[in-house]
Amino acid sequence: MEANMRALIVYASWFGHTRLMARALAEELEAHGISVVATPVDKIDPGEVLGYTIMLLGTHSHVGHAPRQLRDLCEAIPHRRLCRMAIGVFGTKDRADQPGGQEELADCLQERGCPPVLPPFWIERTGSAMILPEQQLSDSERDEARKFAAELAEICLPVAI
């Protein structure tokens, strides 16, 4: 395995759900030997993505959209840098049958010629679950997060022969 495999997880979270997802993804990537930095989007500058092999963007969805800060980050990272990373998108949305912020970020990346390496991963939050602070992910949600991160690690890590 490469000693310098590093992942950056940048997220926007209103009520903590996306932050919990970021933590679960970070734990799984670290279990695969990948060094991880997770940070809210308001704490990162586009120039700080240098040196990362993987970037995960996490978002809540507000009326089907990702926060402006995440969209701006996607657009501000130089194309050459963006396309050198394996990128994944994750988060929450309020309806399975409608697009969410994850799809919006994936579309932004696609338009820049650097699509995510996996389909967006999301957890549905409906009714009061959308606005109540979440203290933990359910077992099934944590399992889904682990599968997503493990698949991302499999794509990115070299095969030992």
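Rings of Phe, Tyr and Trp (its six-membered ring) pair if their centres lie within 6.5 Å; planes under 30 degrees apart count as stacked, over 60 as edge-to-face and the rest as tilted. By that rule, this structure holds two aromatic pairs. The model is predicted, so local features need pLDDT of at least 70 and side-chain atom pairs count only at pLDDT 80 or more, while totals for chains, interfaces and linings use all residues. Residues are numbered from 1 along each chain as its sequence is written, and side-chain values use heavy atoms, with hydrogens and water left out.

**Aromatic pairs**

- W14 and F15 form an edge-to-face pair, 6.2 Å centre to centre with 85° between the planes.
- W14 is exposed, with a relative accessible area of 53%, and F15 is partly exposed at 31%; buried means under 20%, exposed over 50% and partly exposed in between (1.4 Å probe, protein chains only).
- The ring centres of F121 and F148 are 5.3 Å apart and their planes are at 25°, so this pair is stacked.
- Because F121 lies in strand β5 and F148 in helix α5, the pair ties together parts that are 27 residues apart in sequence; helices (H or I, at least four residues) and strands (E, at least two) are DSSP runs, numbered from the N terminus.
- F121 is buried, with a relative accessible area of 8%, and F148 is buried at 7%.

**Charges over rings**

- A charge sits over a ring if NZ of Lys or CZ of Arg is within 6 Å of the ring centre and within 35 degrees of the ring normal.
- R6 lies over the face of Y52, 4.2 Å from the ring centre.
- K93 lies over the face of W122, at 4.2 Å from the ring centre.

**Nonpolar cores**

- A nonpolar core is a set of buried Ala, Val, Leu, Ile, Met, Phe, Trp, Tyr and Cys residues joined through side-chain atoms within 4.5 Å.
- The largest core has 28 residues, and I9, L25, L29, I34, I54, L56 and F90 touch the most other members.
- Elements giving two or more residues to this core include β1 (6-11), β4 (86-93) and α5 (139-156), but α1 gives the most, with seven residues.
- A second, separate core of 22 residues includes A12, V41, A66 and M85.

**Helix α2**

- In helix α2 (residues 68-76), the buried residues are L70, R71, L73 and C74.
- These residues cover an arc of only 155° around the axis, which puts them on the same side of α2; the arc is that of the directions from the helix axis to the C-beta atoms.
- The buried residues of α2 pack against β1, β3, α3 (79-82) and α4 (101-111), where contact means heavy atoms within 4.5 Å.
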